[in-house]
Amino acid sequence: MTFAPIIPPLGLGTWDLRGTDCVRAVHEALDMGYRHVDTAQMYENEREVGRGLKESGVPREDLFLTTKLWLDSLTRKAVPKTTNECLKRLATDYVDLLLIHWPAASVPLSETLGAMSVLLGSGKARSIGVSNFTTGLWRQALELAPVGVNQVEFHPFLNQDDLVRFAREKDLRIVAYTPLAKGRASLEPAIVEIARAHGRTPTQVTLRWLIQHPGVAAIPKASRREHLRENLGIFDFELDEAEMKALSGLGRNLRLVDPGWAPDWNAR
Ligand code: NAP
C-alpha cells in the first residue's frame, strides 16, 4: 500500500500567470477537462487560482490542487500559519498536495516535516511532498514523513532516470515541472519526426513521453487556449519502446531552473 496520492497525469502549471489571465486560464482549463492545478505561495497567484476554480463550478472533490511552501515558511510556527494563509487565498479547506518548494539548509527537515505531518493529520493537506529534492534528500525525507511526491524539472533534455527508478521501487510519484523545456522540446528534430509519424505535435509527444513513465505526472503551463487544448490531447495515442528510448536518449543534463539556493544536484 502506497501513501502516495493519486494524481491526474496532466495538470496546469501556473507559474507566471497573474491577475485576470490566471483566473481565465484556470477556468478555461477546468472547462476543458483539466482536474489538476499547480500553484505555490511564491507565485503570488493563489487568490486568482482560487477564483478560477470557483468560477468553473467543478466540485472541489473532483480537483487535485497543489501548493508549495516557500523557503521562509518552513519553521514549526510558519508551516501552519502560511498554509492557513494559502488555504484562505485559495478559498478552500484543504489542498490535495502540500510541498516544500525547495530544500532549505536553514531549517532542519525534521522540523518542517513534523509541522507538515500535523497538517496531514488535521486534513488541511491530503498528502505532503517535496520539490527539487535529489534522490538522496528524498530518501532522508522519507525517513521522517510520508512524502509520497517529488516535483522536479523533467523533460527530454533532463531525464530523471535515477529519481524515476527510486520512485518506482518505493511506489512514489514524480511531478514533472518545466515539462516542455519552456518550448525547446518542440524544436528538437527527433521529437518533430516522431510527432509527424503520429500525426501529433512535438509538444504532445513530449508530454506523452513524460506521462508514459510509471508514476509520473506533468504540469505544463499554458495561458493560450489552443495550448491548453493541445496539451490535453495526449491520452489517445502511445509511444512505442523505441520512441520512448529515442526521447530518453536526448538527455544532456540541461537544467533551466537552477537558482543559487538549489541543492547540489550531483549529491547522492
Ligand atoms: P513549461 O511548462 O515547460 O513551458 C511553458 C511555456 O510553454 C509557456 O510559454 C507556454 O505558452 C508554452 N506552451 C504551453 N503549451 C504549449 C503548446 N502546446 N505549444 C507551444 N507552446 C506551449 O515551463 P514552466 O512554466 O517553467 O513549467 C510549468 C509549471 O511547472 C510552472 O508553471 C509551475 O507550476 C511548475 N514549476 C515548478 C517549479 C518548482 O520549483 N517546483 C519550478 C518551475 C516550474 P503560453 O503560456 O503562451 O500558452
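These questions and answers walk through part of a predicted model.

This is a predicted model, in which local features need pLDDT of at least 70, side-chain atom pairs count only at pLDDT 80 or more, and totals for chains, interfaces and linings use all residues. Residues are numbered from 1 along each chain as its sequence is written, and side-chain values use heavy atoms, with hydrogens and water left out.

Student: How many residues of strand 3 are buried?
Tutor: Strands (E, at least two residues) and helices (H or I, at least four) are DSSP runs, numbered from the N terminus. Buried means under 20% relative accessible area, exposed over 50%, partly exposed in between (1.4 Å probe, protein chains only). Phe64, Thr66 and Lys68 point one way from strand 3, and Leu65, Thr67 and Leu69 the other way. Both sets are buried, and the count for the strand, residues 64–69, is six of six.

Student: In strand 3, which residue is the bridge partner of His36?
Tutor: Two strands pair if DSSP finds at least two bridges between them. Strand 2 (residues 36–38) runs parallel to strand 3, with three bridges joining them. The partner of His36 is Phe64.

Student: Which residue in strand 4 is the bridge partner of Thr66?
Tutor: Strand 4 covers residues 97–100 and runs parallel to strand 3. Four bridges join these two strands. The partner of Thr66 is Leu97.

Student: How many disulfides does the structure hold?
Tutor: A disulfide is a pair of cysteine sulfur atoms within 2.5 Å. The nearest cysteine sulfur to that of Cys22 belongs to Cys86, 14 Å away. Cys22 is buried at 0% relative accessible area, and Cys86 is buried at 1%. The number of disulfides is zero.
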